[in-house]
Amino acid sequence: MKTLLRRIAAAGAAFLVITLLAPVPAGAADGVTLIVHYTDSTPRPSGEVAAQLLDGSAPSDSSAAVDAYGEVSSFTFADAADDATLGFRVGADSAFPGDLRYVQAEGGLAEVWVVDGDPRVYEEPIPVSPELATVRDDKVYVPHTALRDLLGVFHPANPIAANGYVFDGHATGSTPLLTIYYGRDYHEIAIDHDRVASNTTTSMLNTHTGLQMVFRDIDGYKTGNGTSAVYHISFGSLERMLQVGTLVHPDGYFLLKPQDAGHAVVAEADPAAVGFDPAVLGELDVFAQQQVDAGYAAMAVSVVKDGKLVKNDAWGWAQKYSTSIAPDGSVTPAALLPLDQRTPATTDTVFDLASNSKMYATNYAIQRLVSEGELDLDRTIQSFPGWEDFTDANSEYTGKWTVGGAGGIPAVYTGKHTITVRDILNHVGGLIPDPEYPNRSAAGGLWYQTDDPDDRAGIIDAISRSPLRYAPRTTFAYSDVDYMILGLLVEQITGSRLDVYLEEEFYGPLGLGDTGFRPLEAGIPAERIAATELNGNTRDGNVSFGTLDDGEPVPIREYTLRGEVHDEKAHYAMAGVAGHAGLFSTTADMATLTQLMLNGGVYDGRQYFSKETAEQFVQPFVGPGNTANTSSVGLGWRVHSFRGTQYYYFNWGASRHSYGHQGWTGTLTVIDPVHRMTVTILTTRIHAPVTNPPNGFATAGLSAADLVPFVGLVYKALNPTGVDYLHEDAVAAVAPIEAEFGAVAADVDAALPAMVSVTDVDGGEHRVPVEWDLEDFDGSNSGEQTLRGALLRPAWLLPGSEPLVAEVVVTVREAPAETTAPTIVADPSDATIKAGEDAVFTASASGSPTPSVRWQSSENGEVWTDIDGATSATLTVTAATAAQSGTQYRAVFTNAVGSIESAAATLTVIAAGGDTDADGDTGSGGALPDAGGALPDAGGALPDTGGTLPDTGGAAAIGLIGASMLLMLGGAVLLMRRRARVG
């Protein structure tokens, strides 16, 4: 007998149909349906798939089936919305067992395809016909000419043409390039040299060239020549270049397009598990340490790929310089600290995010309010309560912000009252990017400072009086004021201060203990926070804020900043809580915050904003001077687009669907939905001396200050270009098992492992299902039996010339001896004893196996109680008392076959001073019995002896004889009475 689909049964399948599962109609009346197709490329896959709603609710119904792809699990949620977020786990996944992934239903249906060991989620597989695919050196190759039909790639009119720039050292016009467009991305392949570059820009070709982050190897081969050549690309290189899935399956070869999916939580994983080359990823560590050695203070990087945190490291010093307090209380300018006084940077170091606050504080709050219907993006700023004075008539041209003044306002512009929330998210409202409110010399009448984060009237007034720098919606001008306004609007709509709202609605529920505003007030020790500018906001004494009316200097920080937001407007004008700056965080917390966007607004069972809103906010904005193909801004987010080379920081490796932001202190986030990856870079670019006043720091000459090398080195390490086929080498020994005599095949089958470990020729280990052959198993034959099992190999694991089989030794135990139920051999006897004496009862029984015994007692012969410790054939009642008289005792014999009780024996206890006869009379105590005062009558006279007695005292002799006879008679009577009592 052979095992049949035992693993599918173990997954809890309600039924099994060897057929294609008919798809459930969208919006079916019985609720929302999730269908999960799973394969491990074996003939009989079983993923042990489970599903739930976002809140953890179980499905109302589920079933399982099998189709040509593999196992099909279907789940129905009767009361869920048509667009509900649905979660599922693949419990049997070989790499990520139990990881919870989220997908969103559309029209009542979500259908996904997953592959064992792959954390991504796919659309329906695309078959590659055998005529197209070729196999070389255990790799599958597909011709580029087939990719248009298979994946929808786009080729220019002349797909193969001479290079138009110096390509990887090859002079212009010297080597043919194959150009492939896929989505917004494009890739150029030097088909004669097997090298590829993606989304190449002039900046990439001319900057950081020593790190070799532009050109990389591609696994392919060319057939034909010239412009009619065909380039065959390996599955692995297609995965790396186009970010699609590939599959070697029992039914052939497939390509898989990813579909949107989220990961419930960010979990740590080995970089190799999600396609990184660990050795190449190590180049980032080398680069970072080189930058620290060259003078850079602190840096930390986290990388999340497919929901897995694969890198989280820090280098350098959280504090390297510090001011000191002189004896007179004045601040002594910052100096380089000795090594033993510096604070090392760690992954727990908290950094000032600068303008990344705009995204992970204000934008997240705005996205939530939009999702909830609490904020209309097309509402004007002037229409919000408190902003009635946000008008042209209220504008004040003052300080450097006069027409023709140092601020650069060329003319009076009007239209403030028309500016909408959408306009300022797109940075086209026309507002002054940085009015320098804390600097009285620059701001003039707009000058404003406060140390009260709850006092918002003053800053709203200053913003409302600020003049326009451009006419609304005519010019893109990245502006801090835009996000100061947005943060204030969040506070007005929610009724909570921005930091409080975000803690309650985002950071707290997300479990981000190191993310928030004003970290010192939140209890984070200064030692954990990375320092920023050395001498406050003075740029090493090169900047002041002017003087007050009394001649005193306008307040400005002169001490080394640590735990206080560096940004001047956020600190002085908004007391550390502002929409444009002020958020602090760690790389680990940022891994979660960035994943929230890739997840479409859901994380760990909670929705923070809708997927539709998240997608809306990262679409390239069509506005002044750009199109959807050239824009570098969305609703707040900085974005890549088809030709969006303007946003410099996304030019090394990231797809042109990427978005994120950069911060002035030296921070950068990149969120790449094509690669399903986020990169967070937190550094302290400004924790260095000012060498080129006012804003040129000593770090300017270091590559790390540019931030992009970190990104480029991460993408450089993506290299999933291994073979598609492996060759088996050995199967691990299976631990022997034992079986009872008489066991049947099903008993042994249940004890055998469903999978065994197989090692390939390269040393890799794989868990492979096994089908055990139990036809010859004989449970009636004791001793060792060797069973063999056929390996249900995945399609990509090839057998050798002698295919491996699994073996296991089953030992059938010896047959047990013949068994019989207990039979009583001897019952216990009654016992009569004097009080204080021991009574002994003995019983015995036969049986096989030898029965055990326990003694019981009863006062009435009806209710019996076990006697503690009485488990031998002999029971001794020690020092019995009169109260125990009449107690009955019996022995109970038990073995595996049955149980039997002996007859009961009674204990009689008499008083220690005498015996008791049958009538209850007391005996003579040893005296002779009363004979009536005379000897028995002997006929009145002694017999005649024919003469006289001899003179020997005859009369005395006769008396003695008579007395002896009476004594003997009395003894006989007494003995008879005693026997009567004992019997």
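This is a predicted model: local features need pLDDT of at least 70, side-chain atom pairs count only at pLDDT 80 or more; totals for chains, interfaces and linings use all residues.
1. Overall composition. The protein chain has 983 residues, and 50% of them count as buried. Its secondary structure consists of 17 helices and 54 strands. The accessible surface comes to about 41,700 Å², with 51% of that area belonging to carbon and sulfur atoms. Among contacts with a separation of 6 or more, 66% are between residues 24 or more positions apart.

2. A three-stranded open sheet. Three strands form an open sheet in the order β8-β19-β18, and their pairing is antiparallel. β8 (126–128) and β18 (245–249) are the edge strands; each has a single partner, so one side of each is left without a neighbour in the sheet. From one strand to the next, the twist averages 30°. Three bridges link β8 to β19 (residues 252–256) in the antiparallel sense. Within this pair, Pro 127 stands opposite Phe 254 of β19.

3. Is strand β4 (residues 71–77) enclosed or open? Seven of its seven residues are buried, so β4 is largely enclosed by the rest of the structure. In a regular strand, side chains alternate between the two faces of the sheet. In β4, Glu 71, Ser 73, Phe 75 and Phe 77 point one way, while Val 72, Ser 74 and Thr 76 point the other way, and all are buried.

4. The partners of β4. Strand β1 (residues 32–39) runs antiparallel to β4 and is joined to it by seven bridges; here His 37 has Val 72 as its bridge partner. Strand β3 (residues 61–66) is also antiparallel to β4, with six bridges, and Asp 61 stands opposite Thr 76. β3 and β4 make a hairpin with four residues between them.

5. Strand β13. Six of the six residues of β13 (residues 185–190) are buried, and the strand is mostly covered. On one side lie Asp 185, His 187 and Ile 189, and on the other Tyr 186, Glu 188 and Ala 190; both faces are covered.

6. The hairpins of β13. Six bridges pair β12 (residues 176–182) with β13 in the antiparallel sense, and Tyr 181 has Tyr 186 as its bridge partner. Two residues separate these strands in a hairpin, where Gly 183 in the turn has a positive phi of about 65°. β13 is also joined by four bridges to the antiparallel strand β14 (residues 195–198), with Ala 190 opposite Arg 195. The hairpin of β13 and β14 has four residues between the strands, and Asp 194 takes a positive phi near 55°.

7. Nonpolar cores. Which residues have the most contacts inside the largest nonpolar core? They are Trp 387, Ile 459, Ile 463, Ile 485 and Trp 637, in a core of 86 residues. Apart from residues up to four places away in sequence, Ile 463 touches Trp 387, Phe 390, Lys 416, Tyr 437, Val 481, Met 484, Ile 485 and Leu 488. A second, separate core has 47 residues, including Val 280, Phe 287, Phe 650 and Leu 718.

8. A buried loop residue. Pro 851 lies in the loop between β48 (844–848) and β49 (852–858). Is Pro 851 buried or exposed? Its relative accessibility is 12%, and buried means under 20%, so Pro 851 counts as buried. Leaving aside neighbours within four places in sequence, Pro 851 is in contact with Pro 822, Ala 845, Ser 846, Phe 893, Thr 894 and Asn 895. Pro 851 and Asn 895 are 44 residues apart in sequence, yet their C-alpha atoms are 4.5 Å apart in space.

Definitions and conventions:
Residues are numbered from 1 along each chain as its sequence is written. Side-chain values use heavy atoms; hydrogens and water are left out. Buried means under 20% relative accessible area, exposed over 50%, partly exposed in between (1.4 Å probe, protein chains only). Contact means heavy atoms within 4.5 Å. Accessible areas come from the Shrake-Rupley method with a 1.4 Å probe; for residues, only the protein chains shown count as cover. Two strands pair if DSSP finds at least two bridges between them. Axes are lines fitted to C-alpha atoms, for helices over the stretch in contact, and angles run from 0 to 180 degrees between N-to-C directions. A nonpolar core is a set of buried Ala, Val, Leu, Ile, Met, Phe, Trp, Tyr and Cys residues joined through side-chain atoms within 4.5 Å.
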